[in-house]
Amino acid sequence: MTDALGWRRKFGVIAPSTNTIVEPDFYRMTVPGVTAHFSRIHIRDQDLSSDGNFENLLTQIRDEIGGACERVLTCEPDYMVMGMSAETFWGGVEGNRQFVAQIKAITGLEVATGAEACERALRLYGARRIGVVTPYQPIGDTNVVQFFSEIGFEVAAIEGLKCPTAVSIAHVPEDELRRALLAVDGPDVDALVQCGTNLSMVGLADEAERWLGKPVIAINAATWWMALRENGITDKVYGAGSLLREH
């Protein structure tokens with residue numbers, strides 16, 4: 001017997017309780033027979049106004065993620081998807097490896113992370129020099145640059161928006177996101193990457209690829225793409241960028 005709606009795959013998704021973007025993003029990119037089932041990490045203090053406060057958010061995630069995984073396992077998902085990104089970049093390649101190992105140990109399932117999804121997408125496009133947009137404080141940007149540098153990409157420019165709270169990330173207007181993309185672009189930049197799953201970039205990235213003439217990788221689109229393709233689901237998704245439309 002298979003699930004009436006998730007007859008192809010059921011994805012267990014972990015997201016911070018403050019995140020209002022990743023869930024609707026994943027729903028808008030879903031395909032027939034695939035369902036996403038969210039479990040929330042309780043964020044009690046969402047202040048991100050300094051490097052120290054940003055690290056405190058990650059401490060809360062680490063304290064709560066085990067329980068969130070255990071809760072979503074009760075719906076018997078086939079695969080895990082991380083609806084958060086900072087923790088997947090933290091500590092560079094080794095930090096990501098340890099994070100993935102932790103999730104696999106808790107759930108017994110394979111997992112898609114934003115960091116690995118971006119790596120796969122960039123290699124698919126043959127990119128070398130990249131521009132990056134994040135909602136993070138400088139300490140978050142440092143870890144993002146570390147991860148991409150360790151896997152062989154050169155970060156030509158990074159624009160951290162320094163959002164003051166976890167919820168306020170979702171309030172960044174499209175004009176500011178467009179400005180940030182243009183700030184990290186250049187003739188020697190092969191692709192642009194957006195980190196931060198609560199930053200609403202999927203639709204804008206799809207549009208920006210047309211007026212910039214290069215890949216613009218929104219992390220929610222990349223993570224969903226990795227989850228689908230890892231599970232043998234090759235359906236095309238439109239309006240979310242060339243990654244889901246063409247690859």
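"Buried" here means a relative accessible area under 20%, "exposed" means over 50%, and "partly exposed" is whatever falls in between (1.4 Å probe, protein chains only). This is a predicted model, so local features need pLDDT of at least 70 and side-chain atom pairs count only at pLDDT 80 or more, while totals for chains, interfaces and linings use all residues. Residues are numbered from 1 along each chain as its sequence is written, and side-chain values use heavy atoms, with hydrogens and water left out.

**View 1. The largest cavity has a volume of about 210 Å³.** A cavity is a set of points on a 1 Å grid over the protein atoms alone where a 1.4 Å probe fits but cannot get out; lining residues have an atom within 4 Å of a point. Grid points are joined across faces, edges and corners, and the volume is the space filled by probe spheres set on the points. The model has two cavities of 30 Å³ or more. Around the largest cavity sit 19 lining residues, and Pro 16, Leu 57, Tyr 136, Ile 169 and Thr 197 are the ones nearest its centre. Two elements each give two or more residues to this lining: helix H2 (51-73) and helix H3 (86-89). Helices (H or I, at least four residues) and strands (E, at least two) are DSSP runs, numbered from the N terminus. H2 gives the most, with four residues. By type, the lining of the largest cavity splits into twelve nonpolar, six polar and one charged. For that tally Ala, Val, Leu, Ile, Met, Phe, Trp, Tyr, Cys and Pro are nonpolar, Asp, Glu, Lys and Arg are charged, and the others, Gly among them, are polar.

**View 2. The second largest cavity holds about 60 Å³ of space.** Its lining includes Tyr 125 and Glu 209, along with Val 216, Ile 217 and Ala 218. Ala 221, Ala 222, Ala 240, Gly 241, Ser 242 and Leu 243 are also among the lining residues. Strand E8 (216-218), helix H9 (219-230) and helix H10 (242-246) each give two or more residues to the lining of the second largest cavity.

**View 3. Helix H2 has a kink of about 45°, centred on Glu 64.** The bend at a residue is the angle between axes fitted to the seven residues ending there and the seven starting there. Several H2 residues are buried, including Phe 54, Leu 57, Leu 58, Gln 60 and Ile 61. Ile 65, Gly 66, Ala 68, Cys 69 and Val 72 of H2 are buried too.

**View 4. Asp 206 and Arg 245 meet in a salt bridge, at 3.1 Å from N to O.** This pair ties together distant parts of the chain: Arg 245 is in helix H10 and Asp 206 is in helix H8 (residues 202-212), 39 residues apart. Asp 206 is buried, at 7% relative accessible area. Through shared partners, salt bridges join Asp 206, Arg 210, Arg 245 and Glu 246 into one network. A salt bridge is a side-chain nitrogen of Lys or Arg within 4 Å of a carboxyl oxygen of Asp or Glu, and the structure holds 19 of them.

**View 5. Glu 174 and Arg 178 pair up within helix H7 (residues 174-184).** The two are four residues apart, about one turn of the helix. Their salt bridge brings the closest N and O atoms to 2.9 Å. Glu 174 is partly exposed at 40% relative accessibility, and Arg 178 is partly exposed at 26%.

**View 6. Glu 110 and Lys 104 form a salt bridge.** Their closest N and O atoms are 3.1 Å apart. Glu 110 is partly exposed, with a relative accessible area of 44%; Lys 104 is partly exposed as well, at 33%.

**View 7. Glu 76 has a positive phi, near 60°, despite being a residue other than glycine.** Look for Glu 76 in the loop between H2 and strand E3 (79-82). At 59% relative accessibility, Glu 76 is exposed.

**View 8. Lys 162 is not a glycine, yet it has a positive phi of about 55°.** Lys 162 lies in the loop between strand E6 (154-160) and H7. The relative accessible area of Lys 162 is 46%, which means it counts as partly exposed.

Terms used
1 Å grid on protein atoms, 1.4 Å probe; cavity = no way out; pocket = protein on both sides within 12 Å on 5 of 7 lines; lining within 4 Å.
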